[in-house]
Amino acid sequence: MALDAATRARGVIAYSTGNHGQAIAWAARQLGIAATIVMPSDAPRNKVTRASAHGARVVQYDRKHESREEIGMRLLIETNGTLIPPGDHPDVLAAQGTVALEALEDLPTDALRNLGSFAAPCGGGGLIAGCGLVLDAMSRPTKMISAEPQAFDDTVRSLRSGKRERNSPGAESICDALQAVTPAELPFALNEHRIDQAVAVSDEQVGAAMRFALEELRVLVEPGGAVALASLLAGCFQLDGRDAIIVLSGGNVDLPLLRRLLEDNTLPVSLIK
């Protein structure tokens, strides 16, 4: 919506493991803008299919040997379009922060008064950075907790060292939505001052959280969207008698993975092969 007509005519480019890409594809279609989405070749098929169904051109890459940022910049030069990163942009952070805004608006008065923690999934860090800005703007002294998969715990390590750490090129996890190489620059500049606790959970703990959400909450959550719930169920942080907002984001699960999840009590990475 912030782009003028001439800029819209040149199209937009986004790189994403799926959720951000789907959102950009949908918004571009509503506004009549051409969209190119750079997605990893091992992204869940339903994410790729939905981005294409919205009319986007999908360019896939090997996340182990290629850089989505480099591909995005090359396409940017070729098309003279506008790059919309998944978190490293003020407007994107503001939009992601509406998750916290809507959650706060929906809380009962007593729960809002007793709110102690806010936990959210963390990949590049944009979601929790945007939510932190909202909580600060609304003067809510809430403990901010970021949750990541253990194989992609770059925010955990970056907050510990004080600099942006990188994940191993060979790392694997069922949490396809949270496989950033390193924390995004702008989100990390905010998160290093705002996140109170960064935790990481195993794929088995994520699988258990997905089952819990489906069986107890009747909510289908994708692996990356279940990490905050997984961290709570695994006892990574305590509520201490206070209320909490736990963000469950995204419901894009490939059916073979979901079937195996429901059949098994453990969920090794080999299941996504």
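Is asparagine 191 buried or exposed? Asparagine 191 has 4% relative accessibility, so it counts as buried. Buried means under 20% relative accessible area, exposed means over 50%, and partly exposed lies in between (1.4 Å probe, protein chains only).

This is a predicted model: local features need pLDDT of at least 70, side-chain atom pairs count only at pLDDT 80 or more, and totals for chains, interfaces and linings use all residues. Residues are numbered from 1 along each chain as its sequence is written, and side-chain values use heavy atoms, with hydrogens and water left out.

1. **Asparagine 191.** This residue lies in helix H9. Helices (H or I, at least four residues) and strands (E, at least two) are DSSP runs, numbered from the N terminus. Contact means heavy atoms within 4.5 Å. Alanine 129 is 62 residues away in sequence, yet its C-alpha is 5.7 Å from that of asparagine 191. A polar atom of the asparagine 191 side chain lies 3.5 Å from the backbone nitrogen of alanine 129.

2. **The largest core.** The largest nonpolar core has 23 residues. Such a core is a set of buried Ala, Val, Leu, Ile, Met, Phe, Trp, Tyr and Cys residues joined through side-chain atoms within 4.5 Å. Cys175, Val206, Met210, Ala226 and Val227 have the most contacts inside it. At least two core residues come from each of strand E6 (143-149), strand E7 (197-201), helix H10 (203-217), helix H11 (227-233) and helix H12 (255-263). Alanine 226 is in contact with Val206, Ala209, Met210 and Val221, leaving aside its neighbours within four places in sequence. Apart from this core lies another, of 17 residues, among them Ala100, Leu115, Ala120 and Ile128. In soluble globular proteins, nonpolar side chains tend to be buried together.

3. **Strand E5.** Where does E5 (residues 115-121) sit? It is largely enclosed by the rest of the structure, because 7 of its 7 residues are buried. E5 runs parallel to strand E8 (residues 243-246), and 4 bridges join the two. Two strands pair if DSSP finds at least two bridges between them. Alanine 119 stands opposite isoleucine 246 in E8. E5 also runs parallel to E6, with 5 bridges between them. Here phenylalanine 118 has methionine 144 of E6 as its bridge partner. From E5 the chain crosses through helix H7 (residues 126-137) to E6, and this β-α-β crossover is right-handed. Right-handed means that, with the strands pointing away from the viewer, the path from the first strand over the helix to the second runs clockwise.

4. **Salt bridges across the chain.** The count comes to 10 salt bridges. In each, a side-chain nitrogen of Lys or Arg is within 4 Å of a carboxyl oxygen of Asp or Glu. Aspartate 42 and arginine 63 form one of them, at 3.0 Å from N to O. This pair links distant parts of the chain, 21 residues apart. Aspartate 42 sits in the loop between strand E2 (35-40) and helix H3 (45-53), and arginine 63 in the loop between strand E3 (57-61) and helix H4 (68-79). Aspartate 42 has 47% relative accessibility, so it counts as partly exposed. Arginine 63, at 18%, counts as buried.

5. **Lysine 47 and aspartate 176.** Their side chains meet in a salt bridge at 2.7 Å, N to O. The partners are 129 residues apart: aspartate 176 is in the loop between helix H8 (154-161) and helix H9 (185-194), and lysine 47 is in helix H3. Both ends are buried: aspartate 176 has a relative accessible area of 8%, and lysine 47 has 0% relative accessibility.

6. **Aspartate 153 and arginine 157.** This salt bridge spans 2.8 Å, N to O. Aspartate 153 is buried at 18% relative accessibility, whereas arginine 157 is partly exposed at 23%. Elsewhere, salt bridges that share partners join Lys47, Asp176 and Glu222 into one network.

7. **Helix H3 and its surroundings.** Asn46, Lys47, Val48 and Ala51 are buried in H3. The buried residues of H3 pack against helix H2 (19-31), E2 and E3. Glutamine 22 is in helix H2 and is buried, at 12% relative accessibility. Glutamine 22 touches Lys47, Arg50, Ala51, His54 and Asn252, not counting residues up to four places away in sequence. Just after H3, glycine 55 takes a positive phi of about 95°.

Technical notes:
A polar contact is a pair of N or O atoms within 3.5 Å; within protein, one must be able to donate a hydrogen and the other to accept it, and residues adjacent in sequence count only if both atoms are side-chain atoms.
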